[in-house]
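Please read the points with the structure open.

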Amino acid sequence: MEYTVAGYGLIWLSLIVYAWRTRRRLAEAERQLASQETE
Amino acid sequence: MSMTGRVAAIVWKDLLIEVRTKASFHSMLFFAALVLFVFSFAIGPDVPLLKRIAAGLLWIAIIFTGILSLSRTYQAEEAAGGLEGLRMAPGDPRAIYLGKLFGNIALLLAMEMILFPASAVLFQLEIARHALPLAGIAILGTVGFSVVGTFYAALTLNLRAREILLPLLLIPALIPPLLGAVNSTQLILDGNPLGEVVVWVRLMVAYDVTFFVVCTWIFPIAVEE
Amino acid sequence: MDRRSPLVAWLGIAALTLMLIGSIVGLFIVQADAEMGDVQRLMYVHVPAAWTAFLAFFLVFIGSVLYLVQRDQRFDRFAAACAEVGIVFIALTLATGMIWGKPTWGVWWTWDARLTSTALLLAVFVGYLAIRGFTDDPDSRARWSAVVGILGFIQVPIVYLSVVWWRTLHQPPSSPRSVSSEILWTWMLNFVAFLLMFAYLVAQRSRLARVEAELEALEAYDV
């Protein structure tokens with residue numbers, strides 16, 4: 001059962017990490033864009 | 001100039017360069033032999049084992065050698081600034097692809113004509129009585145390799161890391177013809193009933209035809225400005 | 001321009017909720033497999049992940065074709081987003097397949113047909129992202145990766161077939177196991193959950209690509 005839980009955990013971990021990373025990059029990029037546009 | 005004319009001209013020009021310098025043919029052949037040697041050393045002098053995997057080793061040598069020589073496919077044009085000229089010349093850019101394709105096939109087949117007997121010596125195989133079927137397999141496998149290889153070579157031509165990108169893109173694509181060629185070769189050498197070989201031959205033919213059509217069709221997009 | 005679309009946020013919440021339900025069902029509610037035990041529960045996520053990955057690849061293909069026909073960068077960004085998210089799912093498919101394999105076969109890897117072709121599909125995805133990574137000009141990048149995407153998609157069934165033949169011609173095929181409706185429903189549940197998550201992630205990734213493109217365009221004028 002440990003293997004099974006590890007597998008499920010891996011899926012959750014990977015997807016959450018990917019989602020979080022993408023959102024951070026998006027926020028950073030949008031911030032940059034906003035500051036560029038006000039120049 | 002007609003399409004056939006342009007293709008023939010490209011093949012002829014490359015062939016002339018090749019015949020005059022003989023550079024790539026000799027180094028390709030030597031490199032392929034070296035690959036066979038290196039693998040044999042790494043695996044060890046277990047002759048029955050080597051005989052069992054000889055078909056695999058042979059086709060690995062052909063593929064590695066082929067990949068190295070592929071990156072030189074357009075080199076002559078590049079050096080002379082010629083790819084631009086070829087591209088801007090009127091007519092179908094597909095002529096370039098077909099010309100390079102036939103040139104690559106011819107070069108590889110010529111090398112294999114020596115490499116096959118060489119492997120027979122190294123791994124104690126009896127290829128003489130299977131010469132014709134083996135030649136057929138060699139042609140099918142080489143065509144499959146060259147069709148996709150010539151295409152990806154053009155695609156990665158202008159990229160920074162093309163020496164690593166070409167194998168990276170090419171090798172997964174080559175699994176079907178590799179499996180087909182290796183298994184057919186092994187089965188023929190084992191004298192197996194041709195029943196099973198037919199399955200692999202059909203795979204290789206399907207692969208060759210499919211990608212010949214697709215790559216020829218889509219080539220102009222790969223090289224357009 | 002409305003940058004914070006509430007639809008996308010709701011998509012994310014729905015995805016998370018459904019994934020949670022799917023995991024609880026798969027881990028606790030469904031009966032453990034009679035022969036294989038609890039490890040079989042991994043199949044309830046492994047199979048849907050595989051389906052999602054294949055869909056992702058299909059969408060990369062569609063996006064590539066649409067780009068080449070319309071030359072609209074939005075299709076290229078969509079294809080690239082699907083590829084990046086798709087690679088996450090194919091890697092998860094491979095990982096869960098291997099994790100299932102260890103207690104089942106005793107080893108992390110056998111040259112099993114499905115595992116091997118999954119690995120090859122991953123390689124094709126990697127090639128697609130690699131050619132994007134090494135091309136700076138947006139138009140060339142879109143064009144070349146579209147070609148790679150199309151060729152790669154055509155390769156997939158042939159590669160899969162050849163690997164299956166490679167294995168089955170050397171060993172008898174395993175007897176097919178019947179699939180109960182309970183199993184089917186759990187697969188469907190997790191598949192929909194993954195689809196929603198996939199859609200959410202692609203939406204976010206596409207938006208990121210669009211903002212980055214706008215930044216690139218601005219910097220081009222800013223010199």
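1. Chain A and chain B do not touch, and their nearest C-alpha atoms are 25 Å apart. Contact here means heavy atoms within 4.5 Å. Of the two pairs of chains in contact, chains A and C share the most contacts.

2. On the basis of the note: this is a predicted model, in which local features need pLDDT of at least 70 and side-chain atom pairs count only at pLDDT 80 or more, while totals for chains, interfaces and linings use all residues. Residues are numbered from 1 along each chain as its sequence is written, chains are lettered from A and ligands numbered from 1 in the order in which they are written, and side-chain values use heavy atoms, with hydrogens and water left out.

3. Chain C has six helices and zero strands. Helices (H or I, at least four residues) and strands (E, at least two) are DSSP runs, numbered from the N terminus. The order of elements in chain C, from the N terminus on, is α-α-α-α-α-α. The C-alpha trace of chain C spans about 65 × 40 × 25 Å along its principal axes.

4. The interface of chains C and A comes next. Here 40 residues of chain C are in contact with 23 residues of chain A. About 3100 Å² is buried between chain C and chain A, and carbon and sulfur atoms give 74% of that area. Buried area is the accessible area (1.4 Å probe) that two parts lose on being put together, summed over both. Of the area that chain C buries against chain A, L92(C), L208(C) and L215(C) supply 17%, more than any other three residues.

5. Which residues form a salt bridge with the closest N and O atoms 3.6 Å apart? They are R25(A) and E212(C). The rule finds one salt bridge across the interface of chain C and chain A. A salt bridge is a side-chain nitrogen of Lys or Arg within 4 Å of a carboxyl oxygen of Asp or Glu. Over all chains, the structure holds twelve salt bridges.

6. Between chains B and C, 30 residues of chain B are in contact with 29 residues of chain C. The two chains bury about 2700 Å² between them, with 77% of it on carbon and sulfur atoms. The salt-bridge count for chain B and chain C is three. One of the salt bridges pairs E224(B) with R143(C), their closest N and O atoms being 3.5 Å apart. E224(B) also forms a salt bridge with R71(C), where the closest N and O atoms are 2.7 Å apart. E224(B) lies in the segment after α10 (194-223) of chain B and R71(C) in the loop between α2 (43-70) and α3 (73-105) of chain C, so this pair joins two chains.

7. A helix pair also spans chains B and C. Helix α7 (residues 131-155) of chain B packs with helix α5 (residues 138-168) of chain C at an angle of about 160 degrees, their axes 11 Å apart. Axes are lines fitted to C-alpha atoms, for helices over the stretch in contact, and angles run from 0 to 180 degrees between N-to-C directions. α7(B) is therefore roughly antiparallel to α5(C), a term for angles over 145 degrees, while those under 35 count as roughly parallel. The contact involves F151(B), Y152(B) and L155(B) of α7(B), and W144(C), V147(C), V148(C), L151(C) and Q155(C) of α5(C). By class, the contact of α7(B) with α5(C) has seven nonpolar, one polar and no charged residues. For these classes, Ala, Val, Leu, Ile, Met, Phe, Trp, Tyr, Cys and Pro count as nonpolar, Asp, Glu, Lys and Arg as charged, and the others, Gly among them, as polar.

8. Within chain B, α7(B) packs with helix α3 (residues 47-70) at an angle of about 30 degrees, the axes being 10 Å apart. α3(B) and α7(B) are therefore roughly parallel to each other. Residues in this contact include W59(B), I63(B) and G66(B) of α3(B) and I137(B), A138(B) and G141(B) of α7(B). By class, the contact of α3(B) with α7(B) has eight nonpolar, five polar and no charged residues.

9. The axes of α7(B) and helix α9 (residues 175-189) of chain B come within 10 Å and cross at roughly 175 degrees. α7(B) and α9(B) are therefore roughly antiparallel to each other. P133(B), L134(B) and I137(B) of α7(B) make this contact with A181(B), S184(B), T185(B), I188(B) and L189(B) of α9(B).

Conventions:
Angles under 35 degrees count as roughly parallel, over 145 as roughly antiparallel, 65 to 115 as roughly perpendicular and the rest as oblique.
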